[in-house]
Amino acid sequence: MATFVLIHGGGGSAWDFHLLEAELTGRGHDVVAVNLPIDDEKAGFPEHVDAVVNAIGDREDLVVLGHSYGGFTAPIVAGKLSARLLVLLTPMIPKPGETPGDWWGNTGFEDAEGLTDEEKFFNGVPADIVAEAGSHGRNQVSAEWGQPWPLDEWPDVPTKVLIGREDRFFTPEFQRRVVQDRLGIAPDEIDGPHSVPLSHPKELADRLESYLTSGPAA
């Protein structure tokens, strides 16, 4: 059994993982899903990391998962706490010194034209979950957007990258290129859109459990 630390993406909350959390706890794992201080204009990377570390407390055997924009915070936490594994899910993957605001241009990201936010992020998510999601979104005004990513190098933690085959926001082609460029590995793939924890929670839990017993990650 492991402790899964779940870090949400931009404008998100711990609610984004409620279906995945139920899957993992039902299998005997411990889960820590954190609300980052994204609605605090003074909160930067240190405050985001502190929020996660404080929520973890004295738990051990950590698997840190960063979803989307959570890919900026998750590696810092994983390195700081010597996690067992770092999993990046449909992620933004930073470089040392890069700000989140600069990431988009640096990676050559091109937003999908003509799609609503629902079509970009929630394609394949059950309609009742999509309807509820809006009440859990938060305004992201925190300070880390303009702060350089503080690590000098990628943490010495086994790392897996998992992308969604139906992701319309960070398309599979885009993700494969960025992952190869920044980490030198090929990502794993799973059915689902950008919001895999809401569309395929069981399949995601299966994959995460498989990582606990597979060989060394990159």
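User: What makes S5 and S6 paired strands?

Analyst: Three bridges join strand S5 (residues 159–164) to S6, and the two run parallel. Two strands pair if DSSP finds at least two bridges between them, so the three bridges qualify S5 and S6 as a pair. The elements themselves are DSSP runs numbered from the N terminus: helices are H or I runs of at least four residues, and strands are E runs of at least two.

This is a predicted model, in which local features need pLDDT of at least 70 and side-chain atom pairs count only at pLDDT 80 or more, while totals for chains, interfaces and linings use all residues. Residues are numbered from 1 along each chain as its sequence is written, and side-chain values use heavy atoms, with hydrogens and water left out.

User: Why are S2 and S6 said to stand at the edges of the sheet?

Analyst: The open sheet holds six strands in the order S2-S1-S3-S4-S5-S6, with parallel pairing. Strand S2 (30–34) and strand S6 (188–190) each have a single partner strand, so one side of each is left without a neighbour in the sheet. From one strand to the next, the twist averages 20°.

User: How do you know that H2 packs on the sheet?

Analyst: Helix H2 (residues 45–56) touches strand S1 (3–7), S2 and strand S3 (62–67), where contact means heavy atoms within 4.5 Å. The direction of H2 makes about 150° with that of S2; such angles run from 0 to 180 degrees between N-to-C directions, the axes being lines fitted to C-alpha atoms, for helices over the stretch in contact. Helix H9 (residues 201–213) lies across S1, S3, strand S4 (85–89), S5 and S6, running at about 155° to S6.

User: Why is S4 called largely enclosed?

Analyst: Buried means under 20% relative accessible area, exposed over 50%, and partly exposed in between (1.4 Å probe, protein chains only). Five of the five residues of S4 are buried, so S4 is largely enclosed by the rest of the structure. Leu85, Val87 and Leu89 are buried on one side, and Leu86 and Leu88 on the other, which covers both faces. In a regular strand the side chains alternate between the two faces of the sheet. Five bridges join S3 to S4 in parallel, and histidine 67 stands opposite leucine 89 in S4.

User: Is serine 142 buried or exposed?

Analyst: Serine 142 has a relative accessible area of 6%, which is under the cut-off, so serine 142 is buried. This residue is placed in the loop between helix H6 (127–133) and S5. Its contacts, leaving out residues up to four places away in sequence, are Pro37, Ile38, Asp40, Glu41, Ala43 and His48.

User: What makes the pairing of the side chains of serine 142 and glutamate 144 a polar contact?

Analyst: The distance is 2.6 Å. A polar contact is a pair of N or O atoms within 3.5 Å; within protein, one must be able to donate a hydrogen and the other to accept it, and residues adjacent in sequence count only if both atoms are side-chain atoms. The 2.6 Å pair is within that limit, so the term applies.

User: Is glutamate 41 buried or exposed?

Analyst: Glutamate 41, in the loop between S2 and H2, has a relative accessible area of 61% and therefore counts as exposed. Even so, glutamate 41 touches Val141, Ser142 and Ala143, not counting residues up to four places away in sequence.

User: What makes the phi of serine 68 worth noting?

Analyst: Most residues other than glycine have a negative phi. Serine 68 has a positive phi of about 55° although it is not a glycine. Threonine 90 likewise has a positive phi, of about 35°, and is not a glycine. Serine 68 counts as buried at 9% relative accessibility, and threonine 90 is buried at 0%.
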